[in-house]
Structures are given as C-alpha cells and as structure tokens.
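Please look over the sequence and the three-dimensional view before reading on.

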Amino acid sequence: MNPVSAALLIWYRKNKRVLPWRKISDPYCIWISEVILQQTRVNQGIDYYMRFIERWPDVEQLARASEQEVLKLWQGLGYYSRARNMRLAAQEIVNKHNGVFPKTAIELKKLKGIGDYTAAAISSIAFNEPVAVIDGNVFRMLSRLFNEVTPIDSAAARKTFLLLAESLLDKNHPGDFNQAIMEFGALQCVPKNPDCENCTLQTHCMAFMLKKVDHLPVKRNNVRIRKRFLHYFVFLHKHEQQCYTLLRYRGSGDVWQGLYDFPCIESDRILSISELEKEHLFCAIKSVAPEIIPISGIRKHILTHQHLMAQFYIVKCNNGFEHVKNNSLSLVSQTELGNYPMPRLIDQFLYENENLFDNC
DNA sequence: AAACCGGGGAT
DNA sequence: ATCCCAGGTTT
C-alpha cells in the first residue's frame with residue numbers, strides 16, 4: 001500500500017475524535033451527520049445531530065415529518081435547504097426505494113441534497129464502496145502534500161484533486177481512509193499555523209520541503225458582500241386575553257426560505273420615520289396603528305455573502321389588521337411563536353426582548 | 001462558470 | 001476584520 005495511506009490510517013486510529021455517528025454504520029445516521037456537517041464545524045453540529053436522531057430515529061419517521069418541524073429543529077444551523085432537501089430525500093427513499101437506502105454513490109447522488117461529497121461519504125462509510133471524498137480538508141491536505149497549485153475554487157479543481165485522492169485511497173478501508181484524510185485536515189493539516197514539526201507526514205509533504213505550507217492551498221477568492229437594511233415591524237395586538245403578532249413566511253428567491261420573520265421594509269440604507277412614511281406598507285400600518293415605536297439600536301447580522309442591518313419597530317395595534325394582511329402573513333399568538341422556525345436575527349431579538357408582549 | 005445559500009468559531 | 005467549515009443547487 002501507498003506509505004502515505006498507511007501512515008494516515010495509523011494516525012487516524014490513534015487520533016480520531018470520538019463522535020456519536022462513528023459508533024454505528026446505519027446509513028441513515030451517517031447521512032444525517034454528513035448533511036449536518038456540510039459547511040459546519042463538528043462542534044457546532046453535534047447537538048443538532050443528537051436532537052435530530054432522537055426526534056426522527058429512522059428514514060420512515062423523517063419522511064412523515066412536516067417541513068416546518070424539520071426547519072424548527074434546524075433553526076440556527078443555517079443553509080436551510082439542507083433540512084428541506086433531507087425531508088424530501090427521506091420521502092424519495094420511502095416511496096421509490098421501499099425505505100431501503102441506495103448503496104452506491106451514483107444512486108445516492110440522485111437524492112435531493114446529496115452531491116458528490118455526501119454520496120461518496122455515505123457509500124464509503126456505510127457500504128464500503130471504494131470512492132474518494134473531496135472536501136475542504138482534502139483540498140488543503142492534498143494541495144500541500146503534492147504542492148498542487150490549482151486554485152481549489154476553480155472549475156478544474158474537482159477533477160485534479162479527485163485524481164490525487166483516488167491515488168491514495170485505501171480500497172480495502174475506503175470509509176476509514178476517507179474519514180482519516182478529513183480528520184487529518186481538521187486536526188493536523190489546519191488552515192493556519194499547522195504544527196508541521198510534529199507531523200507524521202512531514203517527510204512526504206512537498207509543501208513542507210519547499211517551505212510553501214503557508215501558501216497552499218491556492219484560492220482565487222472573489223466574494224463581494226451585499227449590504228441590506230431591514231426595517232422590521234413587530235405588531236402587538238390583544239384579542240380575548242391573548243397577545244398576537246404578524247409573522248411573514250419567507251418564500252423562495254431570498255435567504256431564509258421556509259422560515260418566518262416580521263413584516264419588513266427594505267432599502268439600501270436605514271430610513272428615517274419621515275422616509276418610511278412614503279412606503280406603501282408603512283401607510284397601511286399607520287392606518288391601523290396609533291403608535292409606532294422604534295427599538296433602540298440597529299442590529300447587525302452577518303451572513304457569508306450579505307451584511308444585514310436591522311431596525312425593529314413596535315407597532316401597537318388596537319383594531320384589526322385588514323389593511324396590512326396578505327397571503328404571506330400569518331396572525332400568530334405569543335404562545336404559538338415557538339413553533340415557527342425563524343432566522344437567528346429574529347429569534348435573538350425575541351429572546352432579548354422577552355417582555356415585549358407584556359404591555360400589549 | 002458563476003451566483004446563491006447561514007451561522008459560528010478561530011485567528 | 002478575515003477566513004473557513006465533512007457542500008449543494010440554481011441560473
């Protein structure tokens with residue numbers, strides 16, 4: 001066997017972290033863990049994994065879940081299409097595969113939310129199929145090991161690095177090998193200041209010999225960040241001893257699809273009250289609300305590709321909502337609020353203003 | 001091929 | 001402030 005592959009497996013068996021999904025070979029559990037860990041650190045995902053498996057222990061139960069409940073459990077984890085697609089894939093497995101998990105990477109890739117990486121991960125770990133995985137760790141690790149300067153965010157990267165990964169893959173232990181190379185990238189061959197002096201692959205590493213570790217992997221890196229300014233209106237309306245507010249369902253075409261926030265006016269900067277008064281929604285609000293009170297402070301919320309600035313307003317509403325109602329708005333009581341999946345920005349606002357509904 | 005899609009932690 | 005994380009889908 002390739003000496004690098006052998007060294008990786010030895011390193012892995014000695015240094016691997018104890019993780020909940022490593023105890024079992026149930027493809028359902030492997031799948032859940034792999035999707036949760038897409039663009040997500042292990043420590044951030046563990047609690048979500050435990051709650052997910054406990055709530056839906058197998059694919060049949062996930063297939064029967066509502067989208068809203070799945071999104072609610074996913075709340076705070078981000079990239080919500082992962083949750084929506086997992087539920088759809090569970091239904092595909094139950095309805096088209098008799099509840100039996102597809103066993104090959106090619107078949108797995110046909111499921112919603114399963115791409116090259118996840119298909120290879122599941123089939124190699126759960127079914128021992130000899131296919132190599134390519135993820136951020138593997139890109140970094142291989143670029144340094146082979147001094148491979150192809151930019152990892154270029155079109156050619158996947159093909160180039162897949163060949164390298166396949167050249168190392170231990171076909172007798174594909175699952176362990178794939179986990180080993182990723183774990184090595186996560187723990188030893190880290191992005192910044194890797195401890196190369198204490199690396200078991202030091203003598204095999206081209207980047208170390210050429211003193212180029214800090215220059216690999218190569219990235220083009222070209223993301224520009226959009227700034228958005230949101231004016232959120234938190235309605236307060238009392239009806240038969242219950243306090244109600246209006247939530248807006250977020251459809252497709254923007255961030256947070258399938259989640260709920262508040263009615264909103266968006267612009268390219270923060271607007272003053274006099275400027276807001278020119279907005280259609282604001283006129284409608286004015287017509288039913290005697291009081292509109294800004295909550296002090298503009299909240300900043302950072303997404304990978306957008307910076308959101310949000311100003312919240314309390315809208316005290318004595319009468320009905322007829323003038324502001326539309327298809328995407330729901331009247332929700334304070335007690336039901338916890339059932340609705342929301343972006344972190346909204347959830348945090350509610351958490352930090354627990355007494356918001358007291359003087360409703 | 002490029003754009004889009006979250007949130008958190010390390011540095 | 002910047003980077004990056006066990007990526008995938010849409011345009």
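**Overall chain**

The structure is a predicted model. Chain A is built with 15 helices and eight strands. Along the principal axes, its C-alpha atoms fill a box of roughly 75 × 50 × 30 Å. Of the 360 residues in chain A, 49% count as buried. Among contacts in chain A with a separation of 6 or more, 67% come from residues 24 or more positions apart.

**Helices α2 and α3**

Helix α2, spanning residues 27–36, packs against helix α3, spanning residues 42–55, at an angle of about 145°. The axes of α2 and α3 are 10 Å apart, and their crossing is right-handed. On the α2 side, the contact is made by Y28, C29, I32, S33 and I36; on the α3 side, G45, Y48, Y49, F52 and I53 take part. Sorted by class, this contact of α2 with α3 has eight nonpolar and two polar residues, and no charged residues.

**Residue S33**

S33 has its place in helix α2. With a relative accessible area of 1%, S33 counts as buried, because the limit for that class is under 20%. Leaving aside residues up to four places away in sequence, S33 touches W21 and Y49. A polar atom of the S33 side chain also lies 2.7 Å from the backbone oxygen of I30.

**The surface near DNA strand C**

There are 28 residues around DNA strand C, of which R22, G113, T118, D135 and R140 come nearest. By class, the surface near DNA strand C has seven nonpolar, 10 polar and 11 charged residues. Three helices, α8 (116–127), α9 (136–145) and α11 (174–187), each supply at least two residues of this surface.

The table lists protein atoms that lie by phosphate oxygens of DNA strand C.

| Residue | Protein atom | Distance to a phosphate oxygen of DNA strand C |
|---|---|---|
| Q39 | backbone N or O | 2.8 Å |
| G136 | backbone N or O | 3.4 Å |
| R140 | polar side-chain atom | 2.4 Å |

Technical notes. Residues are numbered from 1 along each chain as its sequence is written. Chains are lettered from A and ligands numbered from 1 in the order in which they are written. This is a predicted model: local features need pLDDT of at least 70, side-chain atom pairs count only at pLDDT 80 or more; totals for chains, interfaces and linings use all residues. Side-chain values use heavy atoms; hydrogens and water are left out. Axes are lines fitted to C-alpha atoms, for helices over the stretch in contact, and angles run from 0 to 180 degrees between N-to-C directions. Helices (H or I, at least four residues) and strands (E, at least two) are DSSP runs, numbered from the N terminus. A crossing is left-handed if the near helix is turned anticlockwise from the far one by less than a right angle, and right-handed if clockwise. Contact means heavy atoms within 4.5 Å. Ala, Val, Leu, Ile, Met, Phe, Trp, Tyr, Cys and Pro count as nonpolar, Asp, Glu, Lys and Arg as charged, and the others, Gly among them, as polar. A residue is near a molecule or strand if one of its heavy atoms lies within 4 Å of it. A polar contact is a pair of N or O atoms within 3.5 Å; within protein, one must be able to donate a hydrogen and the other to accept it, and residues adjacent in sequence count only if both atoms are side-chain atoms. Buried means under 20% relative accessible area, exposed over 50%, partly exposed in between (1.4 Å probe, protein chains only).
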